[in-house]
Amino acid sequence: MTELSPAQHLRNQLAAHVEVLYPHLGNAGLIDDMIAAMALDQRCFMPETHKNHWDENDALVITYGDSILRDGEWPLHTLHDFLRRELLGVVSGVHILPFYPYSSDDGFSVINYVEVNPSLGDWPDVSAIARDFDLMADLVINHCSSRSLWFENFKQRRDPGQDYFVEVDPSVDLSAVVRPRTSPLLSEVQTLDGKRHVWCTFSHDQVDLNFENPKVLLEFIKIIRHYLDMGVKIFRLDAVAFLWKVPGTSSLNLEQTHEAVRLLRSLIEHAVPDAIIITETNIPLRENLAYFGNANEAHMVYNFSLPPLLINTLVTGSSRALKTWMMGMPAAQDGTTYFNFIASHDGIGLRPAEGLLDDEEIKALVGIMQKSGGRVSWRALANGESRPYEINISLFDAMRRRIDDSEDRNSDGEDGYQEQRFICAHALMLAVQGVPAFYIHSLLATENDENRILHTSHNRAINRHQWSADDLEEQLATASHHARIFAVLKDLIKLRAKQPAFHPNAAQYPLHLGDQVFGLRRESHAEGGAGQSLLAIYNISAYAQTLSMSSLNLDADKHWRELLSDIDIHAEAGDILLPPYAYCWLASRP
């Protein structure tokens, strides 16, 4: 049997995708156009199925291009200087949040996809960062700015753009549509042909694109090719779950949306075999996991349930919900893994906690976050009610208080364990199966930025602080909490990178150590049973906990060492004393 060439293999895949997405079109011409747009008519590779493009050395930092500013310097230069000085050899990659010209939503309302925001720098600045770190960039694929050329052309009824957006008659029943906002779904606009109503999932400045039109798909294939040429390795498909619209349905996670992801995956991996797709789908667990497909959609999915569950664990002192969730988490098959984070430029999403925390637990979590300065964003339900959708707060301030009424607390409701809770949360995230990612303001333990809320009137601005580079350098050079926490987290990341059991696809087993102690056993892949075993154990309460070594069922025929203290331990003798929010990593060694 003759083996297919990479080009023929790709054509067969594209034909199957096009048959689902555009069954009314003859596909030969469209396939030729897609291959040309991705420059695959010049060079095409055969992707390797189920290959892991990551290992225990991988960790990312998430940042805006202007999270750190220095007078007289392009922000991308300032960022690159900080990354090289502080994080080269610590993290492997950097996610620069949208760095394109935009009109709102701090970059996620894109005016021009192939330009760099001139206030940040230019493409050579982006490519320079990509030479030192694996670069992750946003493909803001669901919508674009109402100030984009495409939308201006839509209103003027000319190309490109006149048929790029979703028009809907306002008399059509759209009550089944699921979306994370309370604003009207349709926006009325004046065009040369009169008034039209366009679909806006997020805001009226973010107009949804019409992927039923293959010309829109071709535009994005050209954009992807440009990003690859500029050094982008990891593509974050923003809000992709809303991509395809069918009135009368939820227009969320439709089969056409999954097929579109599979199509983009086929094109990208035939162009650059080690490029990675991450789907940003802030939705309940089962729906989120569906974006793995059969290892033919996203390489990684955001582990969106982790932030609310982990924060809830640390502020309640109970690991019950986190452990129950983790026991039900399917192991990621080779070629796929989870993208783990606790904090982001957005907030703590609550939809991924639905079914994992009950209404009273969510209400209590929202309440304690509000006491620590957090804000709440809401979404509209079909019955007209509103439900909390997202908590907006810096992660450092999210750890200020715990839900507890005991008498050992100060009058302001704080208990003195903020830093310990904060570091414990990150140490726990580092042990979970998947690739860890740190929002820059978590690495730096930045507090709530109330002034940005006042200036922007947006809740999410509370966790989008802009550091003066001089002020940040001064803080990191002193005994500030920023310096203490940054140093601890960097050391943890570097220690993690030395442990094969922390490979993103190494086996994971939750331990049963009671509600106030959380534990995981990780087992690395190795032939002949010579892999590393590692137990990561955390006291997630404000009270000291004692564990007997015998209760951990350590393999007596292996040598064990506690990695953080670098001390040999005996598998069956003695106890482990964990002060409040302390943790240990017990690893087998040859």
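Four cavities of 30 Å³ or more are counted in this structure. The term cavity refers here to a set of points, on a 1 Å grid over the protein atoms alone, where a 1.4 Å probe fits but cannot get out. Grid points are joined across faces, edges and corners, and a volume is the space filled by probe spheres set on the points. The structure is a predicted model, in which local features need pLDDT of at least 70 and side-chain atom pairs count only at pLDDT 80 or more, while totals for chains, interfaces and linings use all residues. Residues are numbered from 1 along each chain as its sequence is written, and side-chain values use heavy atoms, with hydrogens and water left out.

Let me take the largest cavity. It holds about 370 Å³ of space. Its lining, meaning residues with an atom within 4 Å of a point, comprises 33 residues, and Phe202, Glu280, Asp346, Tyr389 and Arg460 are the closest to its centre. Two or more lining residues come from each of β9 (232-238), α9 (306-316) and β15. These labels follow DSSP runs, numbered from the N terminus: helices are H or I with at least four residues, and strands are E with at least two. By class, the lining of the largest cavity has 15 nonpolar, eight polar and 10 charged residues. In this scheme Ala, Val, Leu, Ile, Met, Phe, Trp, Tyr, Cys and Pro count as nonpolar, Asp, Glu, Lys and Arg as charged, and the others, Gly among them, as polar.

The second largest cavity has about 90 Å³ of space. Thirteen residues line it, with Asp58, Leu60, Ile234, Ile276 and Met300 nearest its centre. Strands β9 and β10 (276-279) each contribute at least two residues to that lining, which divides into seven nonpolar, three polar and three charged residues.

I turn now to the open space. A pocket is an open set with protein on both sides within 12 Å along at least five of seven lines. The largest pocket has a volume of about 560 Å³. Of its 23 lining residues, Asp105, Arg181, His458, Asn459 and Arg460 lie nearest the centre. Strands β14 (375-380) and β15 (386-392) each supply at least two residues of the pocket lining, and the lining as a whole has six nonpolar, 10 polar and seven charged residues.

In α2 (residues 27-37), the buried residues (under 20% relative accessible area, with exposed over 50% and partly exposed in between, for a 1.4 Å probe and protein chains only) are Leu30, Ile31, Met34, Ile35 and Ala37. Seen down the axis of α2, they fall within an arc of 165°, so they line one face of the helix; the arc is that of the directions from the helix axis to the C-beta atoms. They pack against α1 (6-21), α6 (214-229) and α7 (255-271), where contact means heavy atoms within 4.5 Å. Just after α2, Ala39 takes a positive phi of about 60°.

In helix α5 (residues 149-156), Trp150, Phe151, Asn153 and Phe154 are buried. Their arc, seen down the axis of α5, is within 160°, so these residues line one face of the helix. Their packing partners are β5 (143-145), β6 (186-191), β7 (194-199), β8 (206-208) and α6.

What follows α5? Just after this helix, Arg157 takes a positive phi of about 60°, although Arg157 is not a glycine. Arg157 is found in the loop between α5 and β6 and is buried, with a relative accessible area of 17%. Pro160 lies in the loop between α5 and β6, and a cis peptide bond, with omega about -10°, joins Asp159 to Pro160.

Asp566, in the loop between β22 (559-562) and β23 (567-569), also has a positive phi, near 60°. At 47% relative accessibility, Asp566 is partly exposed.
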